[in-house]
Amino acid sequence: MARRSSPQVNAGSMADIAFLLLIFFLVTTTIETDSGINRKLPPMDELIDPPIIKERNIFTVVVNKYDQLLVEEKPMEISEIRQAAIEFLDNGAGIGEEECSYCKGNRDSDSSDNPEKAVISLKNDRETSYKVYIAVQNELVAAYNQLRDREFRILYPNLGLSFVEANKRYSDPRTSPSEKENLKPKLSVVKLMYPQKLSEAEPSKTN
Amino acid sequence: MSKFKKKKSSELPPVNTASLPDIVFMLLFFFMVATVMRDSTLMVSNSLPAADQIQKLDKKDRVMYIYAGKPSSRYIDKYGDQPRIQLNDKFASVSEVAAFVLAERASKRQELQNVLTTALKVDGETNMGLISDIKQELRKVNALKINYTTRVGEYSQNID
């Protein structure tokens, strides 16, 4: 009995179909992931007894509605604020128990006692523009990162990483668990040396 | 003569394109796997401010997005040109933010409900007043982890 072979399917147009799909997915793909500045908001319930903070331990930054900066009651440009914040955080004027052994600042008695006590207070107006606010936030975070980088390199010179790089490595899912375990205590030591105490006050109302 | 001709014709055989579909399919599968569809269409203009001290946002399933900015040109007639909030696919007022966060939180898996981050994708030209209102609403529902989503760049790009 003669077997009839089934006719061959013409696969010549397969490439065209595949190309069509390929172009569709090429156009719709967004590979990049979002990134930004992480912040933690304070809880809603007000503290009954707000802690008393000395005036010299607060670094006040005000951004007004014309996007101008007032830092510690003096007008300032955004480019200068990083250095000013570093000088404030790293001042270390405390004596006795409050002494900061690793600070390299001027030990000015009008500035912060130690980085643990130092608080940066960022105030804005309702009409401040968002992009300037982000620029200021960015510079203040940069001040913390710069100090943490310095201490991280002093404490763990063998790693050859800065704090920011080590933190990135720690949060990368591709890093092995053993390396994460190794990095975690080191990162938290440096984080405790310069804790990020950045308070975002509620905006002042304009009349 | 005929011998000569035969030789010449065998010199340039046509390129075999049989493996072309395979190559294309391989690329196709790569892009299919790597694709993340835009889940909501943007109805506000959204040019993010630039920053360089940034951290990557963790996995997509732990993030909820709040967009804000001026309505895009085709919505200006209907909604005006003042910055507005966009939740999912529609414009919303400040008072709807809390309900949105609670709904999003309820839709996530139990173990993720406490580690959710709210990504604020806000246009650079927006006033801080709107953002402060959003932040107050977020504090009310205890969604305290936020992320000011930015693009990568020097801070000086934000100042004209």
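Predicted model: local features only at pLDDT ≥ 70, side-chain atom pairs only at ≥ 80, totals over all residues.

User: How many residues does helix α2 of chain A have, and what should they span?

Analyst: Helix α2(A) comprises 12 residues, 78-89, and at 1.5 Å a residue these should span 16 Å, which agrees with the 17 Å that separates its end C-alpha atoms.

User: Which residues of α2(A) are buried, and which are exposed on the other side?

Analyst: The general idea is that an α-helix has 3.6 residues a turn, so residues three or four places apart point the same way. In this case the buried residues are I78(A), I81(A), R82(A), A85(A), F88(A) and L89(A). Seen down the axis of α2(A), they fall within an arc of 135 degrees, and therefore line one face of the helix. On the other side of α2(A), the exposed residues are S79(A), E80(A) and Q83(A).

User: What do the buried residues of α2(A) pack against?

Analyst: They pack against the chain A strands β2 (58-63), β3 (69-71), β4 (74-76) and β5 (119-124), and also against helix α3 (130-155) of that chain.

User: In what order do the strands of the sheet lie, and which are the edge strands?

Analyst: The sheet in chain A is open and has five strands in the order β4-β3-β2-β5-β6, with mixed pairing. Its edge strands are β4 and β6 (198-200) of chain A, each of which pairs on one side only. Direction ignored, neighbouring strands of this sheet are turned by 25 degrees against each other on average.

User: How many bridges join β5(A) to β6(A)?

Analyst: Three bridges join these strands, which run parallel, and S121(A) has S199(A) in β6(A) as its bridge partner.

Note on methods: Residues numbered from 1 in each chain as written. Chains lettered and ligands numbered in written order. Helix = DSSP H or I, 4+ residues; strand = E, 2+ residues; numbered from the N terminus. Expected span 1.5 Å × (residues − 1). Buried ≥ 20, exposed ≤ 12 C-beta atoms within 10 Å, placed from the backbone. Arc of directions from axis to C-beta. Contact = placed C-beta atoms within 7 Å. Pairing = 2+ DSSP bridges. Axes fitted to C-alpha atoms, helices over the stretch in contact; angles between N-to-C directions.
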